[in-house]
Amino acid sequence: MIAWLTHHLPTADGKLIGGAEMTDQKLLNLAPEKVIVYGPNEWQKAIQADKLIITGTDLLTDEAMIELSKVNPIVMVHHLQTRTETRQKLLSSASLLICHTPRHLQLELEWTTPKKSTWILSPHKPSDFQIKPKENFALWAARLHQQKGPLEAMAWASKAEIPLLMLYDKPRQTVLEAMSRAKHFVFLPTGFDAEPRTLIEAVLSGCLVTTNHLAGISSIVDWNKPEVMANLVSNAGQKFWEAVL
């Protein structure tokens, strides 16, 4: 039996509120074996499984991380980890540490020493994305947070003299529809973003993407080529389960 320990769970009404939740759900849907999902406060049950996969450390107590480190779990982290002594112990004990991008993995390996490590993008179906006749505007879509670079996107669009459509807190389908028509997609984060999903979606939607080195995806060779991105994300689920099993 495989235990999946995470705080990236659907809300009470079944909605997935963010990228990490979407990634976890897609990977669980592709699982070749039975997997039981546990929340952070159920770690004592999860620790008894034949194989333990942890996909989020944020809500684990220090006690939980110390005890979990004793079973050498597989750990997948969706974002840059806060550097604490107990989290270092947990990540360093991992039989396999998985990050989503090369740069993210490099940053985590600066302070941890897992037995093995690799990077795997989140799975997507390229056929879910449309490329419509492109219109001369740029799109920025993210949470309305300074780290997501809304002001930087506005400055870029102003300098480039390109109309900018800014979408935040909008349904995913609304964003994808606009993305299918946008000639440009701009995302200039002000802090490290391990795997901005919108960049994957923008590339697969045929946008010309402008970003910076703080977007972890930019550390992948030829990441902005649709055929390269399509191959990476369409095989990501299979690659993940081959790595952990």
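**The largest pocket**

Helix H1 contributes the most to the lining of the largest pocket, supplying 5 residues. The model described here is predicted. H1 (19–29), helix H7 (172–181) and helix H8 each provide at least two residues of the lining of this pocket.

The volume of the largest pocket is about 1,200 Å³. Its lining comprises 39 residues, of which Gly18, Gly19, Arg143, Lys148 and Arg197 are the closest to the centre. By class, the lining of the largest pocket consists of 15 nonpolar, 12 polar and 12 charged residues.

**Glu201 in helix H8**

Helix H8 spans residues 197–204 and includes Glu201. Because the relative accessibility of Glu201 is 5% and the cut-off for a buried residue is under 20%, Glu201 counts as buried.

The side chain of Glu201 forms a polar contact with the side chain of Arg172, at 3.0 Å. Beyond its neighbours within four places in sequence, Glu201 is in contact with His124, Phe129, Arg172, Leu176 and Met179.

**The enclosed cavity**

A search of the whole structure identifies 1 cavity of 30 Å³ or more. The volume of the largest cavity is about 40 Å³.

The residues lining the largest cavity are Leu27, Met76, Ile98, His100, Ile120, Leu121, Ser122, Pro123, Ala236 and Phe240. In terms of class, 8 residues of this lining are nonpolar and 2 are polar, while no charged residues are present.

Key
Residues numbered from 1 in each chain as written. Predicted model: local features only at pLDDT ≥ 70, side-chain atom pairs only at ≥ 80, totals over all residues. Heavy atoms only, no water. 1 Å grid on protein atoms, 1.4 Å probe; cavity = no way out; pocket = protein on both sides within 12 Å on 5 of 7 lines; lining within 4 Å. Points joined across faces, edges and corners; volume = space filled by probe spheres on them. Nonpolar A, V, L, I, M, F, W, Y, C, P; charged D, E, K, R; others polar. Helix = DSSP H or I, 4+ residues; strand = E, 2+ residues; numbered from the N terminus. Buried < 20%, exposed > 50% of the residue type's maximum accessible area, 1.4 Å probe, protein only. Polar contact = N/O pair within 3.5 Å; in protein donor to acceptor, adjacent residues only side chain to side chain. Contact = heavy atoms within 4.5 Å.
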